[in-house]
Amino acid sequence: MKIGVLSTSPKIYSTARLVEAGKARGHEMHVINHKRCYMSIASMNPTVHYRGITLDGFDAVIPRIGASVTFYGTAVLRQFEMMGVFPVNESVAISRSRDKLRSMQLLARRGIGLPVTGFAREPDDIKDLIEMVGGAPLVVKLLQGTQGMGVVLTETKKAAESVIQAFYGLEANILVQEFIKEAGGADIRCFVIGGKVVGAMKRQAAEGEFRSNLHRGGTASLVKLTPQERATAVSAARIMGLNVAGVDLLRSNHGPVVMEVNSSPGLKGIEAATKKDMAGLIIEFIEQNAKFGKTGTKGKG
Ligand code: ADP
């Protein structure tokens, strides 16, 4: 098969692993920088151009679109979908999962466990907002933050109020969330491919830190999931419409709660923790599922 990896650099670990795994299975692999693609939106003949050539003959594309280029990257992916190319994750599913509020609303509607969460932009009654999610301690999150930046634990109502006010002054969208203390600074990344959890790791925050992000000194280890955790991860990926997803859970005293569903989960940490060839499993998923024109979004925009 001819498979494209939409990625800004062939040097990124996950991109390199996907190319390696595809080649090992006899496929023709191309890294396509979606930021450099340009498109012709002609009726009946959509095309994608890259470095002066027209990209064609692709059987599948694996989107690895960073959060900062979601808008343009999903437009390029949509163009491939309109050309009939099979996307590992569809453009609409990626856009959906990148919108934290939309994702949480969709997951809540389907009964998925979530931390008690409030959204706010310009709250008149900050005290009521704090009460609404159960009071302090609570976590205040900047909606556009990544890698744990903009995630603040406020121990008291007073601290919560002033942090919310500060974000409000900056006109930022925020999320106010129940602090899952019993998670003990750990979260669980479930790697889902094609409706199955193929691996999971526990990320433990560094001493004195509640955020378990590996970029913040967290450490990863293999973890065994409960059937309920497995089912939650699979459902969350399905609700988002993602074939490949990283579902982040916290172990709360009211069962597993979903924090985030990631449409481009990194391969490095999970492959190291599980010693599994996740890249190979993604290629295998393509071999089993890629068909010309098999995209739910084709024709729907
Ligand atoms: P980001 O997307 O920036 O990584 P997250 O929302 O994933 O931000 O939060 C970063 C980390 O903080 C999580 O991995 C988790 O360890 C911790 N965390 C986030 N929300 C909560 C919460 N409500 N209760 C307990 N810990 C939390």
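**Exercise 1.** State how many residues surround the ligand and which are the closest.

*Solution.* The ligand is surrounded by 20 residues, the closest being Lys 141, Gly 148, Glu 178, Ser 212 and Asn 213; a residue counts here if one of its heavy atoms lies within 4 Å of the molecule. The model is a predicted one, in which local features need pLDDT of at least 70 and side-chain atom pairs count only at pLDDT 80 or more, while totals for chains, interfaces and linings use all residues. Residues are numbered from 1 along each chain as its sequence is written, and side-chain values use heavy atoms, with hydrogens and water left out.

**Exercise 2.** Describe the domains, and then the contact between domain 2 and domain 3.

*Solution.* First, the protein is divided into domain 1 (2–89), domain 2 (96–111 + 182–263) and domain 3 (117–179), with bounds from an automatic or database domain assignment. The centres of domain 2 and domain 3, taken over C-alpha atoms, are 21 Å apart. Their contact (heavy atoms within 4.5 Å) takes eleven residues from domain 2 and 16 residues from domain 3.

Second, the area buried between domain 2 and domain 3 is about 1,200 Å², and carbon and sulfur atoms give 63% of it. Buried area is the accessible area (1.4 Å probe) that two parts lose on being put together, summed over both. On the side of domain 2, Lys 100, Leu 101 and Phe 210 lose the most area to domain 3, together 44% of what that side buries.

Third, the count of salt bridges between domain 2 and domain 3 is zero. Such a bridge is a side-chain nitrogen of Lys or Arg within 4 Å of a carboxyl oxygen of Asp or Glu.

**Exercise 3.** Where in the protein do the partners of the salt bridge between Arg 17 and Asp 277 lie?

*Solution.* The two side chains meet at 2.7 Å, N to O. Arg 17 belongs to helix 1 (residues 13–24) and Asp 277 to the loop between helix 8 (268–274) and helix 9 (278–289), so the pair ties together parts that are 260 residues apart in sequence. Helices (H or I, at least four residues) and strands (E, at least two) are DSSP runs, numbered from the N terminus.

**Exercise 4.** Locate the cis peptide bond that ends at Pro 137.

*Solution.* Most peptide bonds are trans. The bond from Ala 136 to Pro 137 is cis, with omega near -5°. Pro 137 is placed in the loop between helix 5 (126–132) and strand 9 (138–142).
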